[in-house]
Amino acid sequence: MKHLYETVADTVIAHIEQGVYKPGEKLPGVRKLSQQLNVSISTALEAYRLLEDSGRIQARLRSGYYVSGFRRQAVVEPEVFDAPLTPAKITGQSLTRQILRAVKDPYQINLGSSVPHADFLPTHALQQATGKVARSFGKRCFDADELLGNQELRRQIAKRMVELQCADSPDDIVITHGAREAVSLALMAVCEPGDLIAIESPTFYGLLQVIESCGMEALEIPTHPRDGLSLDALQMAIEQWPIKACLIVSNYNNPLGSCMSDARKQALVALLEKHQIPLVEDDVYGDLGFGLRRPSVCKAWSRNGQVLYCNSFAKTLSPGMRVGWLVPGLYMARVENLKYMKHQAVPTLNQLIVAHMLEQGGYDRYLRQVRQEYARNVALTIKAVSLLFPEGTRVTQPEGGFALWVELPVGVDAMELHRRASLENIIIAPGPLFSATQKKYGNFIRLSCAVPWNDRVEKALKKLGDIAQDLLAENR
């Protein structure tokens, strides 16, 4: 059942979509809106805050609320890549590392990284938090903390898990060195080397690297650009192969940006629980949605504790602090044992800084701002691709995160496009990196929108379009 303020927000959205209020135009003040819709001032204010969180409107100091000044471009999305369901050893990751090394070159225009540019991070707030934490905790900042994580940070995370309808206590949470360690611990807790892991296809190459490092194999399941993992294909795969775990990014998958609905998440959990297959859920982009509500998580639908939930602050607060967490559910004892045997505690200072940001509200204030910035950049990049790339190009339209998956016309080789673009100091992520054997997605690329929009970026996209057009002409 919707809250009244959500209904008010829906009414304002309807007015915006009908053209009553145009991009950049000022909206009625809070008092006037409350009078127009016969609701309290607090309800009207809450509705505007919800719309601000989603990036639909912008608040201007001492001026009021305005409609965000951009619209989504109407484009065609890529189709689902259909291929035989065949297990594969993960290969070619050395090429991934080679490409990633180029990302650190300051002279490159980096459209290929999944790490946010520093301009999108709350640097000033983190600096202030660091000072306050150092003064408050003194020597404790540099002392070793509990291996499973700082208690205050785990308590703050537990509060956020409750908001996601997951009744987890601080003792149910393990602090990790980012999401990669969380995923690695989760996989090692439920599988053995040589086991088969069902994954989305395409999927983030970082997850492929984790599976490879654990000595496991991947089974790629077709994934829809909006709806996420194909449940029918997963059912078929379960019937054919001895799948030991399923690994997905349920909200704003990288590179597709897909987000599974509540019904599909519930169905996925039910399917896996029926076959006693653990689900490793990576939710690193869940806080970066453009919609009115933060999407749910698969873990909320679990009834037997077989969902291992992984998350991190690397895509939001700071990639360099390496603070993530894992909620292992039924497998807590195994994860705790693995952590003690093979891993180290996350630096205490980093944990205390993140805990402070969560407790004082700095994290949520930052999210309200950065969601709008990503929504704007995604919209601008989609528009540029639709105008500057060859006819027949398809591009995803994600409702969160900052990744775009671009399908180029057949005849445009993504690896050659990457090679020629790098000669122009432009970095992209070619599609083959997002499959286990690097033999799929030969005419796809991923673009990152976590780069400040400016003339250099726009010119780089035009150059990419020109190179793609040249490749297309050469192969006709």
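Biologist: Does Q276 count as buried or exposed, and at what relative accessibility?

Modeller: This is a predicted model, in which local features need pLDDT of at least 70, side-chain atom pairs count only at pLDDT 80 or more, and totals for chains, interfaces and linings use all residues. Residues are numbered from 1 along each chain as its sequence is written, and side-chain values use heavy atoms, with hydrogens and water left out. Buried means under 20% relative accessible area, exposed over 50%, and partly exposed in between, with a 1.4 Å probe and protein chains only. Q276 counts as exposed, because its relative accessibility is 54%.

Biologist: Where is Q276 placed, and what is its phi?

Modeller: Q276 sits in the loop between α10 and β9 (279-282); helices (H or I, at least four residues) and strands (E, at least two) are DSSP runs, numbered from the N terminus. Q276 is not a glycine, yet its phi is positive, at about 60°.

Biologist: What is the phi of Q165, and is that residue buried or exposed?

Modeller: Q165 lies in the loop between α6 (151-163) and β4 (174-176). Its phi is positive in a residue other than glycine, near 65°. With a relative accessible area of 64%, Q165 is exposed.

Biologist: How many helices and strands does the chain have?

Modeller: The chain holds 15 helices and 16 strands. Its radius of gyration, taken over C-alpha atoms, is compared with a globule rule of 2.2 Å times the number of residues to the power 0.38. The rule gives 23 Å for 476 residues and the chain has 22 Å, so the chain is as compact as a globular protein of that length. The count asked for is 15 helices and 16 strands.

Biologist: What percentage of the contacts with a separation of 6 or more comes from residues 24 or more positions apart?

Modeller: Contact means heavy atoms within 4.5 Å. Among the contacts in the chain with a separation of 6 or more, residues 24 or more positions apart account for 76%.

Biologist: What percentage of the residues in the chain is buried?

Modeller: The C-alpha atoms fill a box of roughly 65 × 60 × 45 Å, taken along the principal axes. Of the 476 residues in the chain, the buried ones make up 57%.

Biologist: Which side chain makes a polar contact with the side chain of Q209?

Modeller: Q209 lies in helix α8 (residues 205-213) and is buried, with a relative accessible area of 13%. A polar contact is a pair of N or O atoms within 3.5 Å; within protein, one must be able to donate a hydrogen and the other to accept it, and residues adjacent in sequence count only if both atoms are side-chain atoms. At 2.8 Å, the partner of the Q209 side chain is the side chain of R180.

Biologist: Which residues of α8 are buried?

Modeller: Helix α8 is mostly covered, with seven of its nine residues buried. After the helix comes G215, whose phi is positive, near 75°. The buried residues are Y205, G206, L207, L208, Q209, V210 and I211.

Biologist: Which residues does S114 touch, not counting those up to four places away in sequence?

Modeller: S114 is in the loop between β3 and α5 (123-137). At 6% relative accessibility, S114 counts as buried. Its contacts are F204, Y205, N254, Y285, K315, F402 and R446.

Biologist: What is the omega of the cis peptide bond from N254 to P255?

Modeller: P255 is found in the loop between β8 (243-248) and α10 (262-274). The peptide bond from S201 to P202 is also cis, with omega near 5°, and P202 is found in the loop between β5 (196-201) and α8. For the cis bond from N254 to P255, omega is near 25°.

Biologist: Which residues is L271 in contact with, leaving aside neighbours within four places in sequence?

Modeller: L271 is found in helix α10 and counts as buried at 11% relative accessibility. Its contacts are L231, L234, Q235 and I238.
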